Amino acid sequence: GAVDVLNNGILKGAGSIFGPTVTTGTAKLAPGNNTVGTLTFDNTTLTLGTGVEYQFEAGGTSDKVAFLGASSALSISGAWTLKLSNLGVDPRGLTFILFVGASGAAPLNAGAVIQPTFDFTNTGWSGGVVQFVPGGNNIVLTGAIVHSANFESSDDGWTLSPPPPGEGGEWSNLYDVNDLP
């Protein structure tokens, strides 16, 4: 039968779902169960409503949502969040498959992607883009990087100081072009 995942509800684990599924509000989609796993929608539909959070564990093998059968479909109907957990990989140069489309089925989300809000809290990563890949009928995350700078949250030893004394302040080391050798 149909599955509705409402505010604060979580659809998680690994296995197959055979009925149309709608996630709404603050619901969460979490393949696996604190381990890597695949949720498979078998000849049915999944709708991600506005505000839904997809919890994705990225590693050598990663979570995913898969679709089987020609009648399987994904619909993303509004703003969503992609919350990532790093299972020990450097994301540079890697592609993570978030949604695996069924062979012979219509393109996932009609081939369009609404960019999620990224939650990198559990990764130390930043950046990235989510895109539709028509050849495999997949929706993927690429371009994430390891975020190693701290300057947004501290001064990293930099201090603001007045210019050194002298004629012209900090410009005192500049020369007239006619004085150059």
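**Ground rules.** Residues are numbered from 1 along each chain as its sequence is written, and side-chain values use heavy atoms, without hydrogens and water. The model is predicted, so local features need pLDDT of at least 70 and side-chain atom pairs pLDDT 80 or more, while totals for chains, interfaces and linings use all residues.

**Confidence.** I looked up pLDDT (the predictor's confidence in each residue, from 0 to 100). The chain's mean is 84, and 81% of its residues reach 70 or more. Over residues 151–157 pLDDT stays under 50. I found 3 contacts (heavy atoms within 4.5 Å) there beyond four places in sequence.

Most residues other than glycine have a negative phi. I checked Asn109 and found a positive phi near 50 degrees. Ala110 also has a positive phi, about 55 degrees, and is not a glycine. Asn109 sits in the loop between β12 (95–100) and β13 (117–122). Ala110 lies in the loop between β12 and β13. Strands here are DSSP runs (E, at least two residues), numbered from the N terminus.

Notes: Helix = DSSP H or I, 4+ residues; strand = E, 2+ residues; numbered from the N terminus.
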